[in-house]
Amino acid sequence: MIIIVDLLLMLIDLTYAILAAVVQTFLRPRLKSIDGELCLITGAGGALGRLFALEFAKEGARLVLWDCNAAANERTAQLARELGVKVHAYTVDLSRRESIYETAGRVKTEVGDVSMLVNNAGVVAGRRLLECPDELLERTLLVNCHALFWMTKAFLPQMKAKNHGHIVTVASALGLFSTACVEDYCASKFGAVGFHESLTHELLAEELDGIKTTLVCPYIVDTGMFAGCEIRKELRSLIPPLEPLYTVQQSMTAILAEQQMICIPRLMYIPFLTRALLPWDANLATYRFMGGDKCMLPFIKNVEQRICNGHIKSS
């Protein structure tokens with residue numbers, strides 16, 4: 001009898017969740033205030049990280065900026081300070097657990113408790129698997145995936161103590177479905193998605209409803225990270241690379257609306273669903289039609305050319 005009651009309650013919750021999602025699709029969501037919150041952003045010296053910093057600054061958040069590039073990070077800090085917010089910049093190597101823990105300790109002592117954590121940093125080797133040095137493959141996994149564990153262990157305890165916080169994971173559409181020649185990146189982003197979802201379930205199971213999570217899965221963003229990546233030319237106007245500012249603004253709306261997940265653009269929900277619902281061969285046929293099986297080849301070629309010209313160290 002108990003299971004029947006629980007089943008009915010589950011069906012009611014399921015129906016409500018679906019209807020609420022439909023309504024939110026057409027109505028502007030209510031956005032929360034983050035004025036005065038302490039927000040830590042990783043990869044803040046990069047294109048997306050800088051834009052995230054400026055958007056959070058516009059909302060009145062105090063900023064802690066992390067990046068391995070001190071000069072780029074400080075430039076972001078200067079731009080944010082011009083918007084009238086307090087900014088603290090730290091040089092951190094996210095591929096090293098010790099660097100994360102050490103710098104996290106400094107932040108707690110020098111600034112205070114982080115209430116918003118934006119795991120934005122990401123790298124890709126840009127080499128074919130059998131031609132890629134092991135160190136580069138490991139670096140992709142360490143920065144894109146393993147660092148999420150250490151960042152969370154460093155900053156979640158104070159969020160739990162107050163039952164207040166927000167953890168954002170900037171993953172990728174390639175964490176929901178894969179493509180060829182970027183095995184390191186896909187593996188790391190699939191790991192990031194799995195980590196984020198499991199963490200969300202854990203917080204809900206512990207009834208820590210004051211700690212929110214948002215998973216961001218954008219299509220390729222035009223930051224130069226995947227320069228040269230192209231799908232079939234007849235379809236490029238339908239799914240062009242995303243403008244960085246648009247990507248961040250859409251992400252910010254989802255974060256401030258406390259949305260659990262966002263795919264950018266919405267069209268990315270389709271391959272995510274078909275991957276789960278259709279047979280492998282059916283997905284493969286669509287994949288090849290769109291040029292997905294070869295879309296990374298120009299990108300790989302660009303990286304190889306830059307290595308030959310001495311712009312990238314092969315390590």
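Helices (H or I, at least four residues) and strands (E, at least two) are DSSP runs, numbered from the N terminus. The model is predicted: local features need pLDDT of at least 70, side-chain atom pairs count only at pLDDT 80 or more, and totals for chains, interfaces and linings use all residues. Residues are numbered from 1 along each chain as its sequence is written, and side-chain values use heavy atoms, with hydrogens and water left out.

Most residues other than glycine have a negative phi, and most peptide bonds are trans. Glu-258, not a glycine, has a positive phi of about 55°. Glu-258 sits in the loop between helix H7 (244–256) and S7. At 31% relative accessibility, Glu-258 is partly exposed (buried is under 20% relative accessible area, exposed over 50%, partly exposed in between; 1.4 Å probe, protein chains only). Glu-207 also has a positive phi, near 60°. The loop between H6 and strand S6 (211–218) holds Glu-207, which is exposed at 67% relative accessibility. The Ile-264 to Pro-265 peptide bond is cis, with omega near -5°. Pro-265 belongs to the loop between strand S7 (261–264) and helix H8 (269–277).

The structure contains zero disulfides (pairs of cysteine sulfur atoms within 2.5 Å). For Cys-68, the nearest cysteine sulfur is that of Cys-132, 17 Å away. Cys-68 is exposed, at 56% relative accessibility. Cys-217 is buried, with a relative accessible area of 0%. Its closest cysteine sulfur, in Cys-263, lies 5.1 Å from its own, too far for a bond.

The largest nonpolar core has 91 residues. Such a core is a set of buried Ala, Val, Leu, Ile, Met, Phe, Trp, Tyr and Cys residues joined through side-chain atoms within 4.5 Å. Helix H5 (residues 134–162) gives the largest share, eight residues. Leu-63 and Trp-66 are among the residues with the most contacts inside the core. Beyond its neighbours within four places in sequence, Leu-63 is in contact (heavy atoms within 4.5 Å) with residues including Leu-38, Ile-41, Phe-56 and Val-87.

The lining of the second largest pocket comprises 26 nonpolar, 14 polar and six charged residues. Here Ala, Val, Leu, Ile, Met, Phe, Trp, Tyr, Cys and Pro count as nonpolar, Asp, Glu, Lys and Arg as charged, and the others, Gly among them, as polar. Helix H2 (47–58), H5, helix H6 (183–205) and helix H10 (297–308) each supply at least two lining residues.
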